Amino acid sequence: MKKLLLMAVLLLSTNATFAQKTGEDEQLKKMNDAALKLLGEEKYEQAVEAYTNYTAKLKSIKGESDTTYIEGLVFLGKAYFRAKRINKAVETAQKVVDLYGKHVSTNDKRYAWYLDNLSLYLASNNKSKEALACSKKALEIYENLYVHDRDMASILIHAAENSFFAEEKEAAIKYQLRALAIMKDLQGIHSEQYIEEAKYLVGYYSGNGQEDKAKSLNEEVEKLEKEKKEGYGDLPKLVKFETPEDCKKHTEDMLKCCRFYINHLFTAHDIDDAAKYIIAWTETSDQVTIPIGKVELELISSEKSRPYIYSYFAGYTLYALENNEIKTEEDLYETAVVVMLNHYISNKKLTGEVKVLEKYLSLYNKDKQKMFDLIRKNFPKDDTKDKKKKK
């Protein structure tokens with residue numbers, strides 16, 4: 001059985017937001033950070049103990065109606081689940097649903113996420129009917145919000161799986177088809193998750209005695225897998241960006257092109273289309289100002305190294321849009337250069353060595369910190385940097 005947690009639940013704020021920096025607030029933050037670290041290190045039993053202590057402290061200070069306490073319980077449940085203490089995971093997830101529903105809301109996204117999370121734990125505890133009931137409740141809430149996003153797709157995927165194991169196989173097919181339709185719009189049919197979930201639909205068709213549909217879909221999946229290896233990306237069509245407002249309307253498309261570019265070899269089928277989109281968007285957009293200095297100009301000047309400037313543009317744009325409020329220009333520059341270097345490592349057999357990038361890698365092999373120091377040193381200063389995007 002697949003274990004697909006809602007992205008939104010996984011990305012819940014892992015650091016409690018405290019209005020005032022009191023001694024208790026600092027203690028709570030340290031407890032939360034320590035618990036999260038243990039979870040990340042896969043020390044699940046220790047994480048259970050840490051989150052138990054953290055949530056107990058939160059409850060004593062803020063009460064059980066506080067959303068920070070409820071979020072803490074979400075991670076306690078996750079720790080139980082990872083520690084394979086499924087009964088406790090179910091018990092904790094049910095408590096989250098009850099408390100949030102009682103004190104906050106029973107019809108918002110977060111309540112739907114919590115219901116879906118509970119369904120995951122119930123399914124893992126072989127309680128398919130109870131899991132399906134939670135999935136249906138979560139789905140009903142989301143449908144009333146008229147939002148077709150990744151979380152909606154995740155809820156539908158869980159509803160499909162729970163329906164299948166609850167012997168409601170026609171419903172499983174219906175839910176999975178809806179999930180795939182959303183994923184096709186958001187990620188494309190060549191995305192890893194779309195292909196994976198299409199394989200589950202093959203199983204649902206087969207389990208429902210629809211072998212012809214199962215066979216046909218399986219052939220389509222094999223075709224998609226072959227094309228994915230060749231670098232098909234379902235990228236947006238290039239449009240004419242005449243104003244910054246045009247760019248804003250296509251921000252998500254730009255992000256998709258950035259992710260595709262930095263995660264594929266230069267031999268990928270759609271790599272040139274991604275590069276063209278990145279160039280066109282950055283030339284017109286006012287959302288991201290990409291610093292250009294001596295290193296970047298050197299990359300632009302050579303045909304061999306020019307593809308890597310687009311790696312830099314993609315990395316900078318991606319992380320600027322995602323972290324603009326919490327990262328400085330220097331932080332973003334460092335991140336973008338590291339993205340470019342990783343892309344260079346993957347592609348340098350195709351392009352040959354690029355001197356300026358080899359210098360960074362040489363330093364990294366000797367002393368990692370020296371490489372990062374050089375990146376910071378090369379950050380284009382305000383009095384010399386050329387911020388104009390260039391082809």
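**Ground rules**

I number residues from 1 along each chain as its sequence is written, and I use heavy atoms for side-chain values, leaving out hydrogens and water. The model is predicted, so I ask for pLDDT of at least 70 for local features and 80 or more for side-chain atom pairs, while totals for chains, interfaces and linings use all residues.

**Entry: aromatic pairs**

I searched the whole structure and got 16 aromatic pairs. My rule takes the rings of Phe, Tyr and Trp (its six-membered ring) and pairs them if their centres lie within 6.5 Å; planes under 30 degrees apart count as stacked, over 60 as edge-to-face and the rest as tilted.

I looked up Tyr 261 and Phe 266. Their ring centres are 5.9 Å apart and their planes stand at 45°, so I log the pair as tilted. Next I checked accessibility (buried is under 20% relative accessible area, exposed over 50%, partly exposed in between, with a 1.4 Å probe and protein chains only). Tyr 261 is buried at 2%. Phe 266 is buried too, at 17%.

I then turned to Tyr 312 and Tyr 333. Here the ring centres are 5.8 Å apart and the planes are at 80°, so this pair is edge-to-face. Tyr 312 sits in helix α16 (residues 306–323) and Tyr 333 in helix α17 (residues 329–351), so the pair ties together parts 21 residues apart in sequence. I take helices (H or I, at least four residues) and strands (E, at least two) as DSSP runs, numbered from the N terminus. Tyr 312 is buried, at 0%. Tyr 333 is buried, also with 0%.

Tyr 261, Phe 266, Tyr 308, Tyr 310 and Tyr 344 make up one aromatic cluster.

**Entry: a charge over a ring**

I found the charged end of Lys 169 over the ring of Phe 164, 5.3 Å from the ring centre. The test needs NZ of Lys or CZ of Arg within 6 Å of the ring centre and within 35 degrees of the ring normal.

**Entry: Tyr 80**

I placed Tyr 80 in helix α4 (residues 67–82). Tyr 80 is buried, with 8% relative accessible area. What does Tyr 80 touch, not counting residues up to four places away in sequence? I listed Val 48, Thr 52, Arg 85, Lys 88, Ala 89 and Thr 92. Contact here means heavy atoms within 4.5 Å. I also checked Tyr 80 against Glu 91: they are 11 residues apart in sequence and 9.9 Å apart in space, C-alpha to C-alpha.

**Entry: salt bridges**

I counted 18 salt bridges. Each has a side-chain nitrogen of Lys or Arg within 4 Å of a carboxyl oxygen of Asp or Glu.

Lys 37 and Glu 41 meet at 2.5 Å, N to O. Lys 37 is exposed at 53%, and Glu 41 is partly exposed at 34%. I see Lys 37, Glu 41 and Lys 43 linked in a network of salt bridges.

Arg 110 bridges to Glu 71, with the closest N and O atoms 3.6 Å apart. This pair links distant parts of the chain: Arg 110 is in helix α6 (residues 109–124), Glu 71 in helix α4, 39 residues apart. Arg 110 is partly exposed at 24%; Glu 71 is buried at 18%.

Lys 136 bridges to Glu 168, closest N and O atoms 3.6 Å apart. Lys 136 lies in helix α7 (residues 128–145) and Glu 168 in the loop between α8 (150–165) and α9 (169–186), so parts 32 residues apart in sequence are tied together. Lys 136 is partly exposed at 36%, and Glu 168 is partly exposed at 33%.
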